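My remarks follow as numbered points.

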Amino acid sequence: MFYLISFLLAMSFALPLYVSSTFLAGWIGVERVGLVYALGALVGLFFIALFPALVRRIGVRKSFTLFAAVSLAALALLPSLDTSVFVFAAFTLYLVALRLLPLHLDIFLETLSRNATTGRIRGLYATALNLGIITYAFSGFILLFGLISIWTGITFYALSRKQN
């Protein structure tokens, strides 16, 4: 079940990122979209370096909740912002949160698994998460055919199921 959740998490990241390139191009121009993603990745690397200290200080659950909230808030704010500086800041926060949320889930897996199976379990988790990357292409079909409500229903169903 955890692998399905990691795949669905990756899918939930893919759809907004698929749409965001077009959204950003309207604010900063097509030629600068790659720069925004590159700067977001650099800021993400900075936060990844701070990640262990943050988790030790406030705990993995609080840190996960914080970055999930930052991700949702930044994504929700994007359509209502009126200057490119604020759009860039919100999008950068969103990218940083996207990089840190899977790390939290990896720590959850590490603590839930036995030492003898930790490597296999975490490897399967990483595989499921990376399979979600193919959803960038799948996102186009979702948008094209209006399947977003079906996908949202599947995601909520999977997340509501009890972890056995």
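1. In this predicted model, glutamate 31 and arginine 32 are joined by a salt bridge, in which the closest N and O atoms lie 3.9 Å apart. That distance falls within the 4 Å limit used for such a contact, and the count for the structure comes to 1 salt bridge. Side chains of opposite charge can pair when their charged atoms come close.

2. The two partners may be compared with the solvent in mind: glutamate 31 counts as exposed because its relative accessibility is 64%, whereas arginine 32, at 46%, counts as partly exposed.

3. The structure also holds 3 aromatic pairs. In one of them, the ring centres of phenylalanine 46 and phenylalanine 47 are 5.6 Å apart and the planes meet at 85 degrees, so this pair is edge-to-face. Phenylalanine 47 is partly exposed, with a relative accessible area of 31%.

4. Another pair, phenylalanine 91 with tyrosine 94, is tilted, with 6.3 Å from centre to centre and 40 degrees between the planes. Both residues lie in helix 4, 3 residues apart, which is about one turn of the helix. Phenylalanine 91 is buried at 0% relative accessible area, and tyrosine 94 is buried at 2%; ring pairs link these two and Tyr37 into a cluster.

5. On the surface, a nonpolar patch is formed by Leu35, Leu39, Leu42, Leu45, Ile48, Phe88 and Leu103, which together have about 580 Å² of accessible area. Helix 2 (33–58) and helix 4 (84–112) each give two or more residues to this patch, and the largest share, 5 residues, comes from helix 2. Phenylalanine 88 is found in helix 4 and counts as partly exposed, at 31% relative accessibility.

How values were computed
Residues are numbered from 1 along each chain as its sequence is written. This is a predicted model: local features need pLDDT of at least 70, side-chain atom pairs count only at pLDDT 80 or more; totals for chains, interfaces and linings use all residues. Side-chain values use heavy atoms; hydrogens and water are left out. Patches are made of residues with over 30% relative accessible area and no salt bridge: like charges are joined within 9 Å, nonpolar side chains (Val, Leu, Ile, Met, Phe, Trp, Tyr) within 5 Å. Accessible areas come from the Shrake-Rupley method with a 1.4 Å probe; for residues, only the protein chains shown count as cover. A salt bridge is a side-chain nitrogen of Lys or Arg within 4 Å of a carboxyl oxygen of Asp or Glu. Helices (H or I, at least four residues) and strands (E, at least two) are DSSP runs, numbered from the N terminus. Buried means under 20% relative accessible area, exposed over 50%, partly exposed in between (1.4 Å probe, protein chains only). Rings of Phe, Tyr and Trp (its six-membered ring) pair if their centres lie within 6.5 Å; planes under 30 degrees apart count as stacked, over 60 as edge-to-face and the rest as tilted.
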